[in-house]
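Here is a short briefing to read alongside your structure. Keep the 3D view open as you go through the points.

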Amino acid sequence: MAAYDTDNIFAKILRGEIPSQRVYEDEAVIAFMDVMPQGPGHTLVVPKAPSRNLLDADPSIFGPLFTVVQKVALAVKKAFGADGVTILQFNEPASGQTVYHLHVHVIPRFDGIPLKPHTGGMEKPEVLAESAEKIRAALAAR
Ligand code: 5GP
């Protein structure tokens with residue numbers, strides 16, 4: 001497996017070198033909107049510790065990471081009035097991974113509505129900002 005690349009896009013977001021619509025941050029984990037959402041409210045939950053994906057991650061991150069995945073899943077479900085939530089996580093190119101810093105996709109789901117393609121079209125910044133605001137409000141109301 002290739003080594004961790006410190007110039008991957010999520011490492012740059014973590015360092016604040018490129019912008020993101022953040023909805024959550026603690027000492028170990030951040031969450032922000034996916035710019036190519038597979039549905040409204042598609043959020044990425046990202047540990048701060050560097051690893052390429054789940055396969056090379058220090059297992060000590062999984063507790064904090066999935067604690068935030070659950071918080072964000074509950075918040076997006078509430079914020080978007082979703083019927084369910086899909087959690088996705090890809091490891092290496094063969095699986096569909098395209099950004100090589102461990103992350104978990106949290107996607108609100110609605111009965112009868114399929115997911116849009118993975119890494120499809122870019123969403124408008126104002127739509128992402130509005131989604132982030134709704135999720136932050138749902139997280140704050142917990
Ligand atoms: P992966 O295929 O690695 O599981 O997913 C990477 C995700 O990151 C994709 O869903 C893609 O839309 C998203 N993404 C790619 N570049 C950026 C970016 O610059 N900012 C944000 N917020 N998301 C990105």
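The largest nonpolar core in this predicted model has 25 residues, and those with the most contacts inside it are Val23, Val45, Leu65, Val72, Val106 and Ile135. A nonpolar core here is a set of buried Ala, Val, Leu, Ile, Met, Phe, Trp, Tyr and Cys residues joined through side-chain atoms within 4.5 Å; buried means under 20% relative accessible area, with a 1.4 Å probe and protein chains only.

**What builds the cores**
- Two or more residues of this core come from each of strand E1 (22–25), strand E2 (29–33), helix H2 (62–80), strand E5 (104–109) and helix H3 (125–140).
- H2 gives the largest share, 8 residues. Helices (H or I, at least four residues) and strands (E, at least two) are DSSP runs, numbered from the N terminus.
- Leucine 65 has contacts (heavy atoms within 4.5 Å) with Val29, Val45, Val46, Pro47, Leu102 and Val104, leaving out residues up to four places away in sequence.
- A second, separate core of 7 residues includes Ile13, Phe32, Leu44 and Val99.

**Strand E5 and its partners**
- E5 is largely enclosed by the rest of the structure, because 5 of its 6 residues are buried.
- Strand E3 (residues 43–47) pairs with E5 in the antiparallel sense over 3 bridges; pairing requires that DSSP finds at least two bridges between two strands.
- Leucine 44 has histidine 105 of E5 as its bridge partner.
- Strand E4 (residues 84–88) also pairs with E5 in the antiparallel sense, over 5 bridges, and glycine 84 has arginine 109 of E5 as its bridge partner.

**Reading the numbers**
- Residues are numbered from 1 along each chain as its sequence is written, and side-chain values use heavy atoms, without hydrogens and water.
- In this predicted model, local features need pLDDT of at least 70 and side-chain atom pairs count only at pLDDT 80 or more, while totals for chains, interfaces and linings use all residues.

Notes
Buried < 20%, exposed > 50% of the residue type's maximum accessible area, 1.4 Å probe, protein only.
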